[in-house]
Amino acid sequence: MTGNLSPLIAIHLSMLQLLEILGVCFLWGCQDRISLQVLTVDARNHGDSPHSPDISYEAMSQDLQDLLPKLGLVPCVLIGHSMGGKTAMLLALQRPELVERLVAVDISPVETTSSSDFPAYMAAMKAIDIPNEMPRSCARKLADKQLSSLIQDTAVRQFLLTNLVEADGRFVWRVNLDALAQHVNKIMAFPTRQESYPGPTLFLLGGNSEFVQPCLMLATGSTPTAHRTSWPPSEASWPESCWQEGSCLKPQKSRPCGLFPVSAQKDAGRH
């Protein structure tokens, strides 16, 4: 492949999820091996990142504005899932010079509807009770059994259980459940902005997803293509790719396009 690719920054995605999403993208033209610098970022209150009472998208966007230039990773291709997707979209609106291309996975730049099961998931996670010093395999089975009373979807439970970790002989949730539960309305919302993002934008969405409304894209004349990949936690999060040329992300409507430049896709697709 010719040319240099910008760094790829993934927000609120595991490396496995990122590789599966990249597999979808490369099916659309990037067939050869490439060399790509990738950084996965844990949002505040998630993963190994510090906990904080401020869980606003403005704060999470500022975290990236501080981090990425310090690491010399701008401009970048920015990809975010769910809450990470909203953070990525806000950053693109606030500082478009830092974002060469934008990918939003199963999320829209609007308020998430009340149909989200997120509050129920947090309540179920806070309710589990695991005895101290229990072997890890037994602890996960017990936690899964307790979660199953409120969460019937096995794949969702397994996804949530990736956040269960052992610390000093106790099993705790790696995410900051108290902050998430207290500010769930902020997480479901999206900041009102007047700016637009002029760069190329790609939306990946699940076939049964309720988080990306078709009208957001159909309003600009673009049509999602039905390309499915097995991507956890459930069918609702199996992204279909929306692949069109041209872009303009605005708070209420957006036009998706390729993850990498069209010229790079053509070069990579030659055999």
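Asp168 counts as exposed, at 81% relative accessibility (exposed means over 50% relative accessible area, buried under 20% and partly exposed in between, with a 1.4 Å probe and protein chains only). Asp168 sits in the loop between strand 5 (164-167) and strand 6 (170-173), and its phi is near 55 degrees, a positive value in a residue other than glycine. Helices (H or I, at least four residues) and strands (E, at least two) are DSSP runs here, numbered from the N terminus.

Glu133 lies in the loop between helix 4 (118-127) and helix 5 and is exposed, with a relative accessible area of 62%.

A word on what you are looking at: this is a predicted model, in which local features need pLDDT of at least 70 and side-chain atom pairs count only at pLDDT 80 or more, while totals for chains, interfaces and linings use all residues. Residues are numbered from 1 along each chain as its sequence is written, and side-chain values use heavy atoms, leaving out hydrogens and water.

## A cis peptide bond

Between Val74 and Pro75 the peptide bond is cis, with omega near -5 degrees. Pro75 belongs to the loop between helix 2 and strand 3 (76-81). For background, most residues other than glycine have a negative phi, and most peptide bonds are trans.

## The overall picture

The protein has 10 helices and 8 strands, and 48% of its 271 residues count as buried. Among its contacts with a separation of 6 or more, 71% join residues 24 or more positions apart (a contact means heavy atoms within 4.5 Å).

## Nonpolar cores

The largest nonpolar core holds 48 residues, of which Leu78, Val99, Leu102, Leu147, Leu164 and Trp173 touch the most other members. Helix 3 (residues 83-94) gives this core its largest share, 7 residues. A nonpolar core is a set of buried Ala, Val, Leu, Ile, Met, Phe, Trp, Tyr and Cys residues joined through side-chain atoms within 4.5 Å.

Leu147 is worth a look: leaving aside neighbours within four places in sequence, it is in contact with Ala124, Met125, Ile128, Arg157, Leu161 and Trp173.

## Two helix pairs

Helix 5 (residues 136-148) packs on helix 6 (residues 154-161) at an angle of about 130 degrees, with the axes 10 Å apart. Axes are lines fitted to C-alpha atoms, for helices over the stretch in contact, and angles run from 0 to 180 degrees between N-to-C directions. The two helices are therefore oblique to each other (under 35 degrees is roughly parallel, over 145 roughly antiparallel, 65 to 115 roughly perpendicular and the rest oblique). Arg140, Ala143, Asp144, Leu147 and Ser148 of helix 5 meet Arg157, Gln158 and Leu161 of helix 6.

The axes of helix 2 (residues 57-70) and helix 3 come within 9 Å and cross at roughly 70 degrees, which makes helix 2 roughly perpendicular to helix 3. From helix 2, Tyr57, Glu58, Met60, Ser61, Leu64 and Gln65 make the contact, and from helix 3, Met83, Lys86, Thr87, Leu90, Leu91 and Gln94.
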